[in-house]
Amino acid sequence: MAAVTRSAKDFTSPPNYEFPHHRLALTLRDPEKTPIVLVACGSFSPVTYLHLRMFEMAKDYVRQNTEFEILGGYLSPVSDMYKKPGLLSAQHRVNMCTLGAEDTSTWLMVDPWEAFQDYQRTAVVLDHFDYHINTVLGGAHTADGEQRNIRIMLLAGSDLISTMSEPGVWSYSDLDHILGRYGTFIVERAGSGMDQATDSLARWRNNIHLISQLIQNDVSSTKVRLFIRRGLSVRYLLPANVVDYIEQNGLYLEDGASPNVPEKEKGKEPVAGGSRKDSPASSLRS
Ligand SMILES: Nc1ncnc2c1ncn2[C@@H]1O[C@H](COP(=O)(O)OP(=O)(O)OP(=O)(O)O)[C@@H](O)[C@H]1O
Ligand SMILES: O=C(O)c1ccc[n+]([C@@H]2O[C@H](COP(=O)([O-])O)[C@@H](O)[C@H]2O)c1
């Protein structure tokens, strides 16, 4: 399996970008365990409780079934260039993720690197995390001061993983890089079978961890957008501060979200109801 090591010159970064690591633990509690960081890539248009639940489910799974220790978790919203229907501007999506994840958890962070530039393949996104966490920050240390590399792992729903078996969506070398070098946790998603999702990925089975949903819940961003367009409530499907943000900014009222930040939003503080000076979104604005 090809191990690609990228250096700073291999990555493009948005202006004023700083890698967020304010909640990343860099000391291993148990030196016998392998340190990992979870990265969820997706549209997050908008972020829902299911996106956030994926991290909690992975945390329980890791504690009960593996010899890993989680040192941090990241949401990485995709670039506007992904051009998926319903994809709101990166600014709004990063703001909503920051409100939803950082304000409701003690260990999740939002990395805006992918969102505010050209489309980046998931393999490159994971390399970007690997570079910042292991090369720049120096990885983790045990209490005795021994250095350990932190393994980056992709966190995804079974619908995303099933696209990995569809011809022409992912390149073989990227799959080998993502599943061979890094590995993944796959959360069961209603309507997307786990077996069917992973059958053709069997050669990487040791790096693929399947997490069953014990409480069935099929909230999706598509349904949330549809509800808002029809004037239905989305409260309790996503964090309250994200619902407030959507209402205050009049988001998702029209069919197909505009990829651009509305003129009246430009230059405003990113988060309604008080700016977060330490947030990655605000660190990107000049
Ligand atoms: N209900 C869910 N159960 C399990 N995984 C989920 C669920 N909702 C989203 N995910 C996972 O979260 C990640 C990001 O998803 P994404 O932003 O595309 O959300 P989505 O709800 O699928 O969006 P959309 O409805 O716009 O396609 C993907 O890996 C996806 O599989
Ligand atoms: O890297 C690839 O080749 C690749 C192919 C298909 C999808 N992805 C990523 O998977 C995510 C899919 O998000 P979504 O909202 O379409 O479910 C998004 O982050 C994409 O960049 C990545």
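How many bridges join strand 1 to strand 2? Nine of them, and the two strands run parallel.

## What you're looking at

This is a predicted model, in which local features need pLDDT of at least 70, side-chain atom pairs count only at pLDDT 80 or more, and totals for chains, interfaces and linings use all residues. Residues are numbered from 1 along each chain as its sequence is written, while chains are lettered from A and ligands numbered from 1 in the order in which they are written.

## The sheet

Six strands make up an open sheet, in the order 3-2-1-6-7-8, with parallel pairing. Strands here are DSSP runs of E with at least two residues, helices are runs of H or I with at least four, and both are numbered from the N terminus. Two strands pair if DSSP finds at least two bridges between them. At the edges sit strand 3 (108-110) and strand 8 (208-211), each pairing on one side only. From one strand to the next, the twist averages 25 degrees (axes are lines fitted to C-alpha atoms, and angles run from 0 to 180 degrees between N-to-C directions).

## Strand 2 and its neighbours

Strand 2 (residues 68-77) is mostly covered, with 10 of its 10 residues buried. Buried means that 20 or more other C-beta atoms, placed from the backbone, lie within 10 Å of the residue's own. To get from strand 1 to strand 2, the chain goes through helix 1, a right-handed β-α-β crossover (with the strands pointing away from the viewer, the path from the first strand over the helix to the second runs clockwise).

Three bridges join strand 2 to strand 3, again running parallel. Across that pairing, Tyr 74 faces Met 109 and Leu 75 faces Val 110.

## Around ligand 1

Ligand 1 has 21 residues around it, with Gly 42, Ala 156, Gly 157, Ser 221 and Thr 222 coming nearest. A residue is near a molecule if its C-beta atom, placed from the backbone, lies within 6 Å of it. Helix 1 (49-65) is one of the elements supplying at least two residues of this shell, and the others include strand 6 (151-157) and helix 7 (221-229). Helix 1 gives the largest share, three residues.

By class, this shell has eight nonpolar, 10 polar and three charged residues. Ala, Val, Leu, Ile, Met, Phe, Trp, Tyr, Cys and Pro count as nonpolar, Asp, Glu, Lys and Arg as charged, and the others, Gly among them, as polar.

## Around ligand 2

Ligand 2 is surrounded by 14 residues, the closest being Cys 41, Ser 43, Val 78, Arg 121 and Thr 122. Strand 1 (34-42) and helix 3 (122-136) are the elements that give two or more residues to this shell. Its residues split into seven nonpolar, four polar and three charged.

Technical notes. Buried ≥ 20, exposed ≤ 12 C-beta atoms within 10 Å, placed from the backbone.
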